[in-house]
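Subject: A structure for you to look at

Hi,

Here is the structure I promised to pass on. Have a look at it first, then read my notes below.

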Amino acid sequence: MNAVAKHEPQEDTRIVPANDAPMVAMIERIVMDPSIPIDRLEQMLAMKERMEDRNREMAREDREYAAKTAYFSAMSACQAELPVVTKNRRNSHTNSSYADLAAIEEQAMPIIYKHGFGVSFQPDGYNEIGELLIKWEISHAGGYVRNGIGAIPVDGAGAKGGVNKTGTQAFGSTATYGRRYLLCMLFNISTGDDRDGNAPPTKPEDVQTITDAQASVIRELIQKAETTAEHFCKHYKIEAIPDIPSASFAEVVASLRRRIAAIEQRKGQNNG
């Protein structure tokens, strides 16, 4: 949903392109002639009004086009200057790093402001499936405004589905995540590890990692194997589950299934 800032001219302002100016001047002279019949006078006045309305509309469209052009030109320059925001937090449940909202705002917002942008986020209730709605708006100094609504799943449960937050905590956590997610998405902000000025290690281009569906299978097996994602990743020397090479998927699945089978066998012996 997009919107454009509107600044209509005052009622007594006449915006007349050069090619229409002689016609309007001629109409004004005819209108002042007392010998012109009333019906003809009314026609001329109506024509003059239509021309002025058309000219005002054209001028408004020109202003909106100029504002929109300035917006996207500034956005392109802004994105080219934005840094890769350093990840500064660790998620123990997923064994992965991320950049929190404070880090993104500290490293990105000065550049965003410098290019004439203003950003705002406002909670806007919940949708029919319980997701928090956050209304976002990006305004530019040139007069163009874009806005929309993002739907963010409420963060009220832990990795295993149990409730781990109060209603207020869940709202705050979801709103903060929504702002961070939307800000990165709207300005195409990327995040990366802090390598203390060193270049990232090279990685063979032919090494492919597992798909999202395969990662979901691994997570389910990890839970059944009565271990943790952190222990699993440490064992395989990876940062997170999605980093598993696709070529190792079958081997990893087989290893987890063997562990699950051993657990079930042990439980059966204990019950017997």
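Let's start with the aromatics: Tyr71, Phe72, Phe117, Tyr144 and Phe187 form one aromatic cluster. Rings of Phe, Tyr and Trp (its six-membered ring) pair if their centres lie within 6.5 Å, and planes under 30 degrees apart count as stacked, over 60 as edge-to-face and the rest as tilted.

Before going on, a word on where this comes from. It's a predicted model, in which local features need pLDDT of at least 70 and side-chain atom pairs count only at pLDDT 80 or more, while totals for chains, interfaces and linings use all residues. Residues are numbered from 1 along each chain as its sequence is written, and side-chain values use heavy atoms, leaving out hydrogens and water.

Back to the rings. The structure holds 7 aromatic pairs. One of them, Tyr71 with Phe72, is edge-to-face, with 5.1 Å centre to centre and 75° between the planes. Which of these two is buried, and which partly exposed? Tyr71 counts as buried because its relative accessibility is 1%, whereas Phe72, at 38%, counts as partly exposed. (Buried means under 20% relative accessible area, exposed over 50%, partly exposed in between, with a 1.4 Å probe and protein chains only.)

Tyr177 and Tyr181 make a stacked pair, 6.0 Å centre to centre with 20° between the planes. They sit 4 residues apart in helix α4, so about one helical turn separates them. Both are partly exposed: Tyr177 because its relative accessibility is 39%, and Tyr181 because its relative accessible area is 42%. Helices (H or I, at least four residues) and strands (E, at least two) are DSSP runs, numbered from the N terminus.

(The expected span is 1.5 Å times one less than the number of residues.) Buried residues in α4 include Ala170, Gly178, Arg180 and Phe187. Just after the helix, Asn188 takes a positive phi of about 55°.

Phe187 turns up again in the largest nonpolar core. A nonpolar core is a set of buried Ala, Val, Leu, Ile, Met, Phe, Trp, Tyr and Cys residues joined through side-chain atoms within 4.5 Å. Of the 28 residues in this one, Leu82, Ile104, Ile112, Phe117, Phe187 and Ile189 touch the most other members. Two or more residues each come from α2 (38-81), α3 (101-114), β6, β7 and α4 (167-187). Leu82 touches Ala108, Ile111, Ile112, Phe187 and Ile189, not counting residues up to four places away in sequence (contact means heavy atoms within 4.5 Å). Apart from that core lies another, of 17 residues, among them Ile210, Ile218, Phe232 and Cys233.

Now find the strands. β6 (residues 132-140) and β7 (residues 144-152) run antiparallel and are joined by 8 bridges; two strands pair if DSSP finds at least two bridges between them. Leu133 stands opposite Ala151 in β7. The two strands form a hairpin with 3 residues between them, and Gly143 in the turn has a positive phi of about 110°.

Cheers
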